[in-house]
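Biologist: Please take a close look at one part of this structure with me, and walk me through it in plain words.

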Amino acid sequence: MKARVYVMLKNGVLDPQGEAVRHALGSLGFDGVHGVRQGKVIELDLADGTDEATVAQMCEKLLANTVIESYRVEVL
Amino acid sequence: MRAAVVVFPGSNCDRDMAVALRAAGADVTMVWHKDARLPEAVDLVAVPGGFSFGDYLRCGAIAARSPICTAIVAHAERGGYVLGVCNGFQVLTETGLLPGALMRNTGLKFICKTVDLKVETTESAFTEGYRAGDTIAYPVAHHDGNYTVDPQTLESLRDADRIAFTYAENPNGSVGAIAGVLSENRRVLGLMPHPERAVDAGHGGTDGQALFRGLVAQFATA
């Protein structure tokens, strides 16, 4: 089985890289980009039957830094 | 004082740290990240700067889950001293020994220069060699030194006098211009600037000496 983990900076945490991307889009002439948030997608190839709670533990313990990041798990 | 300097793959300030500690009179042992135990009767563990594990995933994230870090956390919980500089500070926040996190500098650039710091508290073994309000110069060399902490924790850090150093001019966007913070028991210090790169006239400055001498003196008088 496969799972996909989305890690994003929490709302309210300033994202300097996202801001830089937003400026770059503006300078390419794309108007109306009000905000860009940059995150990570992590794909996991797991033993069949791994439950979502285990994947959540992986996120809590390593994949996300919950001080600044939130995560979402998608089992594929 | 017995000190251990941790070496991760990608550490690059480990030997500078050992030189600085030895110059202050410490007995230093280098410790490999795969070691599950610290040397006997270690008083201080220093987590050096560098790019442990290539900064993969997040700065300090992989290092913080290495076997030696379990031992470092146990050492801190027993009341042992821990010093984390630059990547070492990132590692300590990732282990949870220090609050907050270090994000990409707001200017997005890697910053490598000597900066002025204000000594915010002298109430720690790390800072008692300074006078409160002193301005001292340490080099910084980081891409991810933007200290972030939630407003409630920031307030509690301020209330408990746990902010050790602030930048005279905020180079990286850190909340409250924070350059270094102490643990609740004041025995764990994490800071982005490099005191070990300011301990010899050849470095261009010696303002870091007082930090190492203060630490060593702590054990000389004990």
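Biologist: How many residues of chain A are in contact with chain B, and how many of chain B with chain A?

Modeller: Happy to! This is a predicted model, in which local features need pLDDT of at least 70 and side-chain atom pairs count only at pLDDT 80 or more, while totals for chains, interfaces and linings use all residues. Residues are numbered from 1 along each chain as its sequence is written, with chains lettered from A and ligands numbered from 1 in the order in which they are written.

Eight residues of chain A are in contact with 12 of chain B (contact: C-beta atoms, placed from the backbone, within 7 Å). The most on the chain A side comes from helix H1, residues 16–27, with three residues (helices are DSSP runs of H or I, at least four residues, and strands runs of E, at least two, numbered from the N terminus). That side of chain A holds six nonpolar, two polar and no charged residues (nonpolar: Ala, Val, Leu, Ile, Met, Phe, Trp, Tyr, Cys and Pro; charged: Asp, Glu, Lys and Arg; polar: the others, Gly among them).

In chain B, S7 runs antiparallel to strand S6 (residues 111–119), and eight bridges join them; B:Lys118, for instance, has B:Thr135 in S7(B) as its bridge partner.

How values were computed. Contact = placed C-beta atoms within 7 Å. Pairing = 2+ DSSP bridges.
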